[in-house]
Amino acid sequence: MSNNETTKNEYLLEVKDLKQYFLVKTGFMKSLPLKAVDGVSFNIKPGETLGLVGESGCGKTTVGRTILHLYNPTGGEILFDGKPVTPKTIDSMRKEMQMVFQDPYSSLNPRMTVEDIIGEPLDVHKMYKTKEERREKVLELMKLVGLNAEHATRYAHEFSGGQRQRIGIARALATNPKFIVCDEAVSALDVSIQAQVINMFEELQEKLGVAYLFIAHDLLVVRHISDRIAVMYLGRIVEIGDADEVSEHPIHPYTESLLSAVPYPDPKMAKERKRIVLEGDVPSPLHMPSGCAFRTRCKYATEQCAKECPPLVDKGNGHQVACWNR
Amino acid sequence: MSEHILSVQNLHTSFKTSKGDVHAVNGVSFNLDAGKILGIVGESGSGKSVTAYSIMRILESNGDITGGQILFKGKDITKFTEKEMREFRGKCCSIIFQDPMTSLNPVFTVGSQLKEAIELHTERKGKEAEARAIEMLTLVGVNEPEKRIKQYPFELSGGMRQRVMIAMALSCEPDILIADEPTTALDVTIQAQILELMQDLQKKLGMAIIMVTHDLGVIADMCDEIIVMYGGRVCERGTAEHIFYNPKHEYTKGLLQSIPNVDRMGEKLVPIPGTPINLLNMPKGCAFCPRCENAMKICLDEIPPEMLMPDGHFASCWLNVKEAMEKGEV
Amino acid sequence: MNDEMKDINQMPKKSPLSFQIDLQKFEKATDEEKRQQEVMSESISFFKDGVRKLMKNPLAVGSIIALIAIVLMIVIVPHIVPYGYSDIISVNGVRDKAAKNMAPFTWSEMEQKYIDDGGKLFPHIMGTDEMGRDYFVRVIYGTRVSLVVGIFAALLVLIIGVIYGSISGYLGGKVDLVMMRIVDIIYSLPDMLMVVLLSVVLREILNVDQFPFLRKLGVNMISLFMVFALLYWTGMARMVRGQILTIKSNDYVLAAKVSGAKAGRIIRKHILPNSISVIIITAALQVPSAIFTESFLSFIGLGVQAPMPSLGSLANAARAGISQYSYKLIFPAVMICLITLSCNLLGDGLRDAFDPKLRR
């Protein structure tokens, strides 16, 4: 069941200048494009975890959903295993890319048994010949995520949040995907259960070689699980690099203030920290500032920031930053 | 000697449901001193929010305080009549809730909601109340308060709404402010702003704060004293240093090991095994026992007593009793 | 430090010394002992859980009993009571002209003589009507007609409404917009007027005599059904569409899409099963409305063809002699009320039991 076959390409997933605009009605007969994702590029190697962080409205969830074509992209290119992912080709690739959702309560059909929920991808892709085969595969998956076999005939509402999330993960693994988008997969869980599920994600990656796009807002969790981190602000990536590197030596002013705002569960460290508090609120994505979207809250902002949007520039060791002044 | 402004003693709260009685709070005791910040930390099902609601007596219709006392400046709140409670709420003790979206009434302007609270509890009316409202908004850092007064909640951002909530809660200068997960629904940078605001206000106005949250990071930063709750009971009580650097309850220890921490990055997390407690089916003894790695036979049968630890904080765990016995201290 | 201890000790506290501690108890607890604390309740499906809740509701249970009783009555009674709904009472083959408008449980002169002579006659439980027909049988047949009409009309509304609503709700966007505007237009048409117009038009057009079944029902009934099929499904369509929009927003629909499921599968396996409760409840509440409409139409003379009775036409006929024979109005009216009330209460009970939103 391992996916460690060498792919022809270095990267499993290549996202180039991805754009996702939604038309929002702003008045009678008038509408503005909401640029949820505005030119996002990154790559993921097989078996790697890329953490995608940002605050609400930055577009991180939209990135995940656009890659999986739950919305058709407005622009840009997505390559999976070297092959382009388009509305036409996505159906043949669905087996390879899956998703785990945030809300353990609304992501499972309350009228289906656990066996049917996990077995659905198997049904859709006709991955078995007999009913016994299907049952076996489902039980195997349940074992993989730590669920008891006797739970297969139960209904989703009888389980706790952590167990439901495991069911969702088992469902995502059913088709042996090479890539899973974890959309805030642990955010809705209690702290003590989060650790169980995080560990499970890591074990599964070791065993099966799955790559993750781990979307979350909890920076400590993201740093723990990710190999690399990308920070998003208003639809663009402002910084991307090695997880520890970005967390300890952030270069972009937004990343700096984001990290300084994260509360540490450590009283001494908490008192010693210097907090960089950002003034004001996030501007509305319908009326984004010209040039660099962050300039309205940035203390280093210059005229150039208003004129042109800075590109991602490599500052060494794959640590890329989009800023004119740093 | 300073009397505690709030003293909760052996509080019990239960809810009647179609599936039986849910004992959400089972013998919780703690004290709050004037001007201090107390943190109540726990996960879902720990009873922390219910404790806060019990103090304000705003439980749902099927919930009731079934035992214990809550002494506010020496008077037992649980015995207050509804009229006395109405005077208590807002004036002596107020509360801010988690979701700023649903805590404000969408059909009234921000100003009228602020004025309502002010007019109910203070002598001000009309123009005076409005002036006070503007004063409060400035205090909580809302820009252009004269303009904001006329706006509706949906026109404000999440952080702004939470500031309005804080303004409403503080408009009557209560002695105690209860904050029930006030920043859980907010972004991290906004959370930092709001927490800083609360600390500032606390220094300025001198009220006591009870901070109910599941976020250990928030607790570490803000609180003078912390109580850790599980299954409706207090596991451990102490200062932040006690709880974080010298935990003496297995649950607290497990919790601290299961969260990612900066100085342990790269190490695997050690989760607490099992699933959260089912309040309909509570164990006879210690609530945490089924999930505890070091559970003993006595833990199954008897509720552990609260013991004073050598460094000065309290913990309720049979392992401490065992340790003390082995050292010959008992 | 000592102060703190004293404060908490305001309440009586056991100090560890006071325990008679059994040292053996400080041994480690086994996993088995710990596991005994955890129990998972028995597995119940959504359906069974709902049925259980429904049975706890006394009004719902009462309605179910009432409806079953009514159905049994309309099935059994025509076999027991020897009178037909259009038979004029005759004794020994002779038309009894005096057996008109008799009170319940009374006999006409001819009948009385027959009984005195030793003959056996089934009592007129509800008396007779103005044409000398047994009223009880007519009421029962009337109930039968009303119920059948109600159920069929509800079925029509169900099928059309569900299909229309699900297509509109699932496809969304412009299709949904257009379809809902059509619903708005239909909703605003006056239904009574349409029924009358249709029945007039149909009478001219349809050659009813060719189909004996249709002749029995009458043109009015056909036009009634047609109006139901054309106009009354809008409420159901809206409800279904609303429910589908809610369900669509759930993550499990997205999860199905990510798994590669196509629209057909998603509707079949995810959307419809979750909207069934709403559909059933709305359908259950349609029945009384259909019956009431039919009764109303029969009351104003646009209902079933005579001599077939319906509760409404019976009520209408009873108007004439209301002061003298008030019972003739009471019986069909009570029947209508009973059916309508039972269906409404049952619908409410179903909603309380099965609607997930109301779950605590």
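This is a predicted model: local features need pLDDT of at least 70, side-chain atom pairs count only at pLDDT 80 or more; totals for chains, interfaces and linings use all residues.
Local features were considered at pLDDT of at least 70 and side-chain atom pairs only at pLDDT 80 or more, whereas totals for chains, interfaces and linings use all residues. Residues are numbered from 1 along each chain as its sequence is written, and chains are lettered from A, with ligands numbered from 1, in the order in which they are written.

Most residues other than glycine have a negative phi. In chain A, phi of A:E184 is near 50 degrees, a positive value, and A:E184 lies in the loop that links β7 (179-183) to α6 (191-208), where helices (H or I, at least four residues) and strands (E, at least two) are DSSP runs numbered from the N terminus. A:E184 counts as partly exposed because 18 C-beta neighbours lie inside 10 Å; the term applies between buried (20 or more other C-beta atoms within 10 Å of the residue's own) and exposed (12 or fewer), with C-beta atoms placed from the backbone. In chain B, phi of B:E173 is likewise positive, near 50 degrees, and B:E173 is found in the loop between α7 (158-170) and β7 (176-180). With 13 C-beta neighbours inside 10 Å, B:E173 is therefore also partly exposed.

Chain B contains an open sheet of eight strands with mixed pairing, in the order β6-β7-β8-β3-β9-β10-β12-β11, two strands being paired if DSSP finds at least two bridges between them. Its edge strands, β6 (93-96) and β11 (307-308), each pair on one side only. Within chain B, β9 (residues 225-230) and β10 (residues 233-239) run antiparallel and are joined by six bridges, and B:I227 stands opposite B:R237 in β10.
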